[in-house]
Amino acid sequence: MINSEEYKQIAAEIKRYITLQVDYSKLTVVEKMVVLLSTAAIAIIIGALAICVLFYLSLSLESYLTQVLGCQWGSYLIVATLYLIIMAVVIALKDQLIVNPIAKFLSKLFLNPKK
């Protein structure tokens, strides 16, 4: 037969176990949020740098096309058309290029247990 002292000891162990599990869950959430936010920060920085590079490449292409065509408005039109084509491709393939990689990253981050 179990006496009241053993019940108190079991209850204390259960309380300690639950406290440890809550602390572990908090640490896991913090770890995953750090990974998520650092990945987002890196993506923003790389995106900003890519926009700068794309801007200067566009200016270079426009200058080259102006020399080849002898017409500045025609070179601007060609560069703008190139951007419209790229935009159409990105919109057409948004699931494969944007949605699926983000969903895969988040599901891997939050749903897969740590090994």
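User: In which helix does Ala103 lie?
Analyst: This is a predicted model. In it, Ala103 is partly exposed, with a relative accessible area of 42%. The helix that holds Ala103 is α3.

User: What distance separates the end C-alpha atoms of helix α1?
Analyst: Helix α1 covers residues 4-69, which is 66 residues. At 1.5 Å a residue, α1 should span 98 Å. The model agrees with this, as the end C-alpha atoms of α1 are apart by 95 Å.

User: Which residue caps the N-terminal end of α1?
Analyst: The cap involves a side-chain oxygen and the backbone nitrogen of Glu5.

User: Which residue just after α1 takes a positive phi?
Analyst: Helix α1 covers residues 4-69. Just after α1, a phi of about 75° is found at Gly70.

User: Is Ser58 buried or exposed?
Analyst: Ser58 lies in helix α1. Its relative accessibility is 14%, and the cut-off for a buried residue is under 20%. Ser58 therefore counts as buried.

User: Which residues is Ser58 in contact with, leaving aside its neighbours within four places in sequence?
Analyst: The buried residues of α1 are covered by elements that include α2 (72-92) and α3 (94-111). Ser58 is one of the buried residues of α1. Beyond its neighbours within four places in sequence, Ser58 is in contact with Val79 and Tyr83.

User: What is the relative accessible area of Ser25?
Analyst: Ser25 has its place in helix α1. Ser25 is partly exposed, with a relative accessible area of 40%.

User: How far apart in space are Ser25 and Leu49?
Analyst: In sequence, Ser25 and Leu49 are 24 residues apart. From C-alpha to C-alpha, the distance between Ser25 and Leu49 is 36 Å.

User: How are α2 and α3 set relative to each other, roughly parallel or oblique?
Analyst: The axes of α2 and α3 are 5 Å apart, and the two helices pack at an angle of about 55°. That angle makes the setting of α2 to α3 oblique.

Note on methods:
Residues numbered from 1 in each chain as written. Predicted model: local features only at pLDDT ≥ 70, side-chain atom pairs only at ≥ 80, totals over all residues. Heavy atoms only, no water. Helix = DSSP H or I, 4+ residues; strand = E, 2+ residues; numbered from the N terminus. Expected span 1.5 Å × (residues − 1). Buried < 20%, exposed > 50% of the residue type's maximum accessible area, 1.4 Å probe, protein only. Contact = heavy atoms within 4.5 Å. Polar contact = N/O pair within 3.5 Å; in protein donor to acceptor, adjacent residues only side chain to side chain. Axes fitted to C-alpha atoms, helices over the stretch in contact; angles between N-to-C directions. Parallel < 35°, antiparallel > 145°, perpendicular 65-115°, else oblique.
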